[in-house]
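Here's a quick briefing to read with the coordinates open. Have a look at the model first, then come back for the numbers.

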Number of protein chains: 2
Amino acid sequence: MTFKRTIWGSEKWRLDGYELQKPDGSMVETAVVRHPGAVILVPIDENGDVLMLKQYRLPLDQTILEIPAGTRESKQEPWEECAQRELREETGFRAERFTNLGLLWPLPGTSDEELTLFMADRLVADPLPQDFDEEIEVVPMPLDKLCCMALDGRMQDMKSCVALLRVQAYLNQQLND
Amino acid sequence: MTFKRTIWGSEKWRLDGYELQKPDGSMVETAVVRHPGAVILVPIDENGDVLMLKQYRLPLDQTILEIPAGTRESKQEPWEECAQRELREETGFRAERFTNLGLLWPLPGTSDEELTLFMADRLVADPLPQDFDEEIEVVPMPLDKLCCMALDGRMQDMKSCVALLRVQAYLNQQLND
């Protein structure tokens, strides 16, 4: 497998083409997404609810329920800096505490994208302007209800399912320690 | 947001470019992955273990632990037909029963890809040749251990985390019914 060319690029990510030899000797081009990584966030408000988003998503042409998330400016941007910016842009709050709950790969067969999951709490109102191409409504919801939805199939956004279940497990473990 | 061009395509998926107007009036191209969908599978063997895969993934340049999965031939391919083929190719077994545990979106901000999750059991040896570009080792592992790994961060493949936790919840509910 040999790197051949960059097929497309934006400010955030690019698509690279690789040459791959098939068993019959012929060559085929395969493509890999090169991505700076993104944060996924579970913000917990003063009532213990999760700040969920209702957000229009062009690829699906529908408004979906999901947690806040956002792409790093570059591979050099510190994860927590990205987390604070995206939280302020998407929910209007900053967090005084971020708890790192691990890395995740959303599409390891196609992309090198890594997601870092943070629980964000001790929230203080401190909004940043939203990105011009985002339409977002913030909806506080109980964590346990969201985790049921993640498990029974009512929640379809994959990052939200994993993130909420990890946060629930983390909080339950804290209670038992 | 207006469709502009197809940037790249393979047999399986393509990248479409859309024109988007920025607040200052200038235009920017944004890209959306158009995908036929894929199955993600939790195969349970006669001992109650999950058939996990150790598979080399080029985008990450490492061998990762994940569940079997595979892309549909087209949007018209029935999900269960795709599930049976991918299971045979990747594990060497066919399943006499598939239980549909819901849809998931791996990257709703970038791609219209939908994943359908099946638990697969009542397995019978019935291999198909592996895809030429795949290097796969099958490893049976206990479901409860895998679910701990999904929750505590040792498992990083996102589809595997959600799928295993949904299967565990489904099996626990069956026991309680």
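What follows goes from chain A as a whole, to the interface, to a handful of residues.

This is a predicted model, where local features need pLDDT of at least 70, side-chain atom pairs count only at pLDDT 80 or more, and totals for chains, interfaces and linings use all residues. Residues are numbered from 1 along each chain as its sequence is written, chains are lettered from A and ligands numbered from 1 in the order in which they are written, and side-chain values use heavy atoms, with hydrogens and water left out.

**Chain A overall**

- Chain A has 10 strands and three helices; both are DSSP runs numbered from the N terminus, with helices being H or I of at least four residues and strands being E of at least two.
- Reading from the N terminus, the order in chain A is β-β-β-β-β-β-β-α-β-β-β-α-α.
- Along the principal axes, the C-alpha atoms of chain A fill a box of roughly 60 × 35 × 35 Å.
- Chain A has 177 residues, and 53% of them count as buried. Buried means under 20% relative accessible area, exposed means over 50%, and partly exposed is in between (1.4 Å probe, protein chains only).
- Take the contacts in chain A with a separation of 6 or more: 57% of them come from residues 24 or more positions apart. A contact here is heavy atoms within 4.5 Å.
- The accessible surface of chain A is about 8,200 Å², and carbon and sulfur atoms hold 45% of that. Those areas come from the Shrake-Rupley method with a 1.4 Å probe, and for residues only the protein chains shown count as cover.

**Where the chains meet**

- On the contact count, 52 residues of chain B meet 51 residues of chain A.
- The two chains, B and A, bury about 4,500 Å² between them, and 74% of that is on carbon and sulfur atoms. Buried area is the accessible area (1.4 Å probe) that two parts lose on being put together, summed over both.
- W105(B), Q156(B) and M158(B) supply 17% of the area that chain B buries against chain A, more than any other three residues.

**Positive phi in both chains**

- Most residues other than glycine have a negative phi.
- D61(A) isn't a glycine, yet has a positive phi of about 50 degrees. D61(A) sits in the loop between β5 (49-57) and β6 (62-66) of chain A, and counts as exposed because its relative accessible area is 57%.
- D61(B) also has a positive phi, near 50 degrees, and isn't a glycine either. You'll find D61(B) in the loop between β5 (49-57) and β6 (62-66) of chain B, exposed with a relative accessible area of 56%.

- D16(A) is in strand β2 (residues 14-21) of chain A and counts as buried, at 2% relative accessibility.
- The D16(A) side chain makes polar contacts with the side chains of T6(A), at 2.8 Å, and R14(A), at 2.9 Å. A polar contact is a pair of N or O atoms within 3.5 Å; within protein, one must be able to donate a hydrogen and the other to accept it, and residues adjacent in sequence count only if both atoms are side-chain atoms.
- Beyond four places in sequence, D16(A) touches several residues, including F3(A), I7(A), V32(A) and R34(A).
- E86(B) lies in helix α1 of chain B and is buried, at 4% relative accessibility.
- Setting aside neighbours within four places in sequence, E86(B) has contacts that include V39(B), L41(B) and T71(B).

**Two exposed loop residues in chain B**

- K75(B) is in the loop between β7 (69-71) and α1 (79-91) of chain B, and is exposed at 51% relative accessibility.
- Not counting residues up to four places away in sequence, K75(B) touches H35(B), P36(B) and D112(B). A polar atom of the K75(B) side chain lies 3.4 Å from the backbone oxygen of H35(B).
- N47(B) is in the loop between β4 (38-43) and β5 of chain B, and is exposed with a relative accessible area of 60%.
- C-alpha to C-alpha, N47(B) and G37(B) are 31 Å apart in space and 10 residues apart in sequence.
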